[in-house]
Structure formats: C-alpha cells, structure tokens
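Here is a short briefing on the cavity and the salt bridges of one protein model. Please look at the structure first, then read the points below it.

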Amino acid sequence: MPTDGTTRRTVLGGVGAGIAGALAGCLGGGNGDGEGELHILTDLTGDQWEPYWEDELIPSWEEQSDVPVNLEFAGFEGTGEQRLAALMQAGDPPEFYHATTSELGELINQGMTQDVTGVVEDLQDHWGDVLFDHTLQPLVGDRDDEFHSIPHGVYVGGCLNYRADVYEDLGLEVPETWDELRENARAIDEAGGEWEDMRGWALPGAPAGKSGSDFSNWLYNAGGLTWEEAGGDEVELAFEEQHVLPVLEMLQDMAEYSPDPSAVDWGTTIEYWIAGRMGQCFMNNAWLCGPAYFAGAEEVALNTEQALIPLRNDDVDPHTRGWILVNGTPIIDGSSNPDEAREFKRYMYGPERHVEASLMEPMRFIPPYEEIMETDEYQSAEIFQLEDGEFLRKNQHVMDEIVPELDVEIPSTPASNHVSAFNIPEEMTNRVVVEGEDPEDAYEWAYDEYERRIEEVRQQSNWQ
C-alpha cells in the first residue's frame with residue numbers, strides 16, 4: 001500500500017535551539033560558481049517521498065543537467081534546523097532547505113537567503129498567482145514584494161480536527177467556545193465501550209515544534225497577538241497578560257484529558273490518531289487524514305473532520321481565527337550552486353512535475369496555486385476517488401470554509417520572524433503543563449524573553 005510520506009522516522013525528532021546564535025558571521029564557504037554538486041536538505045521524506053526523490057526526480061534532473069545531487073533527509077521538531085546550522089558553521093551550506101518562513105526567519109533577518117522572485121514569477125506564468133504570497137515575502141519597506149522562498153504547499157493552522165463518528169455516537173456538537181471544547185474532551189475521555197481507550201485531547205508540551213503552533217491558535221482566539229504594527233517597518237511586543245494567562249489556564253485544564261504532554265508532538269499526535277486513541281486536536285489542514293488512510297485506518301481517515309478553532313467565549317473578539325503559512329524553499333546565500341538550485345526548483349515545480357509533487361502528501365499540504373487543485377491529474381489521484389471524492393472535499397472545505405474566516409495578515413518583520421527560532425511560547429507551555437510552573441511566573445519569563453530576544457536580533461539584522 002502506498003504512503004503519504006509520513007512515518008515515525010519522518011515525524012519524530014529531537015528538540016533543538018534552532019540556528020540562532022550558531023551562525024554569527026557564518027555565511028558559508030561556497031563561492032557560487034556553479035562547480036560541484038547540488039546539496040538538498042529536506043523534511044519531505046518517507047515511504048513515498050524517498051523513492052520519488054531517489055528513483056524519479058533526481059535521476060531525471062541529473063540526466064538533463066549533468067549536476068549531481070547530494071540529498072539529505074532531515075526531521076521535524078528542530079532536527080532539520082540543527083543540521084542546517086551545523087552545515088553553515090562548517091562553511092558548507094546546502095543550496096536549499098524546505099521549511100516555512102517562520103522557521104527561516106533567522107536566515108532572512110541575517111541576510112542569508114537570496115531573492116528568488118524571478119523563479120516564483122516564472123512559475124506563476126504557468127500556475128497563476130501564489131496563494132497567500134505575502135507569507136513568502138517576509139521583508140518590509142521598499143523590498144516588501146521580494147520572494148525569499150519558492151512555494152511548495154499551504155499550511156492552514158486554524159483547524160480543529162475531530163472524530164465525527166465519536167461526536168455522533170456521544171451526541172456532541174462542533175464546539176464554538178473553549179468551554180464547549182473542554183466539555184467535549186471530558187465526554188470523550190470518560191466514554192466507555194467502543195471509545196474506552198480514546199483520550200479527549202492531544203496537548204503538545206515539548207519545548208519546541210507543535211506546542212508553539214497550537215499556542216498561537218489559542219492566543220489568536222483569545223483576542224491576543226504576539227506582535228502588533230508600530231508604524232513604518234517595525235513591530236512592537238503585544239504579548240498581553242490578559243490574553244496569555246487564560247490560554248495557559250486552558251492548557252492546564254485540557255492536560256487532564258491528554259496523554260502526557262511531554263510526549264505529544266507532531267509525530268505522536270499522528271500516531272495516536274491513526275491508532276484511534278485521540279478524539280480531538282489542533283492540526284494543520286486535513287493532514288491527519290492522509291497518514292490514517294495510507295496506514296490502513298480508512299474509517300478513521302474518513303471520519304476525521306475539520307472546523308474552526310473555538311473562541312475563548314462569546315464576549316471576546318478574536319484577533320483572527322488561525323494562521324496560514326506557505327511551506328517552501330529559500331536559496332541559501334553562500335552555497336556553491338545557487339543558480340543551479342533555481343533551475344532545480346523550476347524543474348521540480350514546473351508544468352511537468354508540480355502536480356505529482358503535490359500528490360506526494362496530498363492531505364498534509366494544500367497546493368500553493370488554485371490551478372493545481374483544479375487539474376484532472378490532481379483530482380483523479382487514487383486517494384481522491386475514495387467515497388466519491390471525500391478527501392478532495394475535505395481539502396476544499398479547508399479552503400472554502402475555514403480560510404475565509406482567517407486574517408492572514410499577521411504583523412511580522414524579519415526580526416520578529418527571527419525571534420520564533422527561540423521557541424519562547426513552546427518553552428512557556430512546557431513550563432506550565434510539564435514542569436508545573438505557575439502560569440503567571442511562566443508568562444513573566446516569556447515576556448522578558450521576548451523583549452530581550454527582539455533587541456538581540458535587531459542588532460543582528462542584515463537583510464537591508
């Protein structure tokens with residue numbers, strides 16, 4: 001049976017501190033003269049991706065270009081960033097690394113990525129405009145229309161994923177508020193019979209990775225933000241106690257219905273879901289459906305539905321209902337073959353191959369151009385034929401029903417994106433739900449850390 005590229009080896013990884021602080025003065029030793037191999041670092045791995053890379057994409061590229069490829073697979077939860085930092089410290093940066101703009105913020109802020117606008121414009125000539133292109137344009141001022149990442153796929157973070165069959169059996173409704181979500185978690189956790197081994201919630205508590213993604217969704221729906229516009233090309237800290245403390249208190253409540261939060265991350269959430277051990281969680285897109293289907297848990301996949309993340313309560317206006325990022329590829333400055341890297345991305349995402357690349361993990365990513373979802377090649381894929389196109393409907397539901405409710409223009413600058421490398425909300429979450437620290441103390445630590453880090457990275461900024 002095929003897979004969507006998600007295995008335990010792929011999705012589990014160590015927790016790292018990111019690239020920040022490890023790159024001081026290191027722009028790599030490459031001379032950009034086009035000599036030698038093309039070094040690719042990617043988290044696009046697994047039982048479908050790896051044969052595609054190794055048996056199809058790279059051999060066909062090498063045949064037509066005569067430029068050999070050194071392919072290196074990286075994992076989630078900081079391991080890819082750790083490897084990238086090590087390569088750059090050694091003066092041997094890869095040409096590119098697949099990641100979201102927030103994960104690359106420190107590289108962009110320190111002037112370590114190249115402008116790839118020409119490549120993106122060439123791809124747009126065939127596929128049409130990039131969806132949510134501003135998330136690939138992280139600069140400000142008179143350079144705010146530069147692309148610094150070549151799009152691969154869209155992540156929609158404002159998704160509550162839930163088991164529709166469990167909801168129906170227990171008489172639950174899609175929650176509109178945190179109180180309703182908490183009550184659903186309690187009901188699932190206490191259910192017997194068929195659902196006796198199912199937990200009511202998946203609460204990530206590791207100090208890196210998914211815990212930060214989840215925290216941002218809670219914060220936005222509590223009416224809060226991390227940064228707000230400060231005029232000109234700047235943002236200022238907007239991490240207010242009145243919004244953050246209710247989130248931390250909610251996380252404490254929801255931990256009661258979750259497996260040990262220290263062991264919950266992207267990978268274990270997927271594993272628990274496939275095994276039918278989880279009734280609700282936050283997850284990007286309809287991602288959970290793909291691993292469940294390809295692992296043989298077809299009924300779990302079909303019964304996994306997506307809805308907007310609940311509001312704190314009816315009296316609080318959310319800042320936004322979630323977030324959107326486009327996963328993609330920067331060209332790293334100082335690498336040996338930046339021009340060949342551009343040609344490789346034109347090849348991988350051009351008219352002959354982008355649809356098949358989008359079908360490697362068809363539920364993890366939504367294609368970055370509307371035209372791809374509309375092609376016969378995409379819609380006729382095996383997974384989209386099941387149950388009269390149920391999985392295609394789920395992807396379309398995310399785009400048609402959830403995305404319009406999101407305010408995707410969340411304030412940011414290269415410096416504020418750089419601060420995300422320090423995993424501050426992730427560490428704060430871990431302190432509260434794993435270490436048992438008082439929420440007020442954890443909040444004060446986080447606020448001070450944000451203030452310290454933003455000044456630090458502004459001093460390191462070199463994107464101008």
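Helices (H or I, at least four residues) and strands (E, at least two) are DSSP runs, numbered from the N terminus. The model is predicted: local features need pLDDT of at least 70, side-chain atom pairs count only at pLDDT 80 or more, and totals for chains, interfaces and linings use all residues. Residues are numbered from 1 along each chain as its sequence is written, and side-chain values use heavy atoms, with hydrogens and water left out.

**Salt bridges**

- A salt bridge is a side-chain nitrogen of Lys or Arg within 4 Å of a carboxyl oxygen of Asp or Glu; by this rule there are 25 of them.
- In helix α20, R453 and E449 lie four residues apart, about one turn of the helix, and form a salt bridge with their closest N and O atoms 3.1 Å apart.
- Both partners are buried (under 20% relative accessible area, where exposed is over 50% and partly exposed in between, with a 1.4 Å probe and protein chains only): R453 has a value of 16% and E449 one of 12%.
- Another salt bridge joins the side chains of E72 and R83, at 2.4 Å from N to O.
- E72 belongs to strand β2 (residues 69-73) and R83 to helix α3 (residues 79-89), so this pair ties together parts that are 11 residues apart in sequence.
- E72 is buried at 19%, while R83 is partly exposed at 35%.
- The side chains of E234 and R458 also meet in a salt bridge, at 3.3 Å from N to O.
- This pair links distant parts of the chain, 224 residues apart: E234 is in the loop between β6 (227-229) and β7 (235-237), and R458 is in helix α20 (residues 439-460).
- E234 is partly exposed at 41%, and R458 is partly exposed at 28%.

**Cavity**

- On a 1 Å grid over the protein atoms alone, a cavity is a set of points where a 1.4 Å probe fits but cannot get out, and lining residues have an atom within 4 Å of a point.
- The structure holds one cavity of 30 Å³ or more.
- The largest cavity has a volume of about 40 Å³, a volume being the space filled by probe spheres set on the points, which are joined across faces, edges and corners.
- Its lining consists of L203, P204, S211, D214, F215, W218, L251 and T429.
- Helix α8 (residues 210-221) gives the largest share of this lining, four residues.

Key: 1 Å grid on protein atoms, 1.4 Å probe; cavity = no way out; pocket = protein on both sides within 12 Å on 5 of 7 lines; lining within 4 Å.
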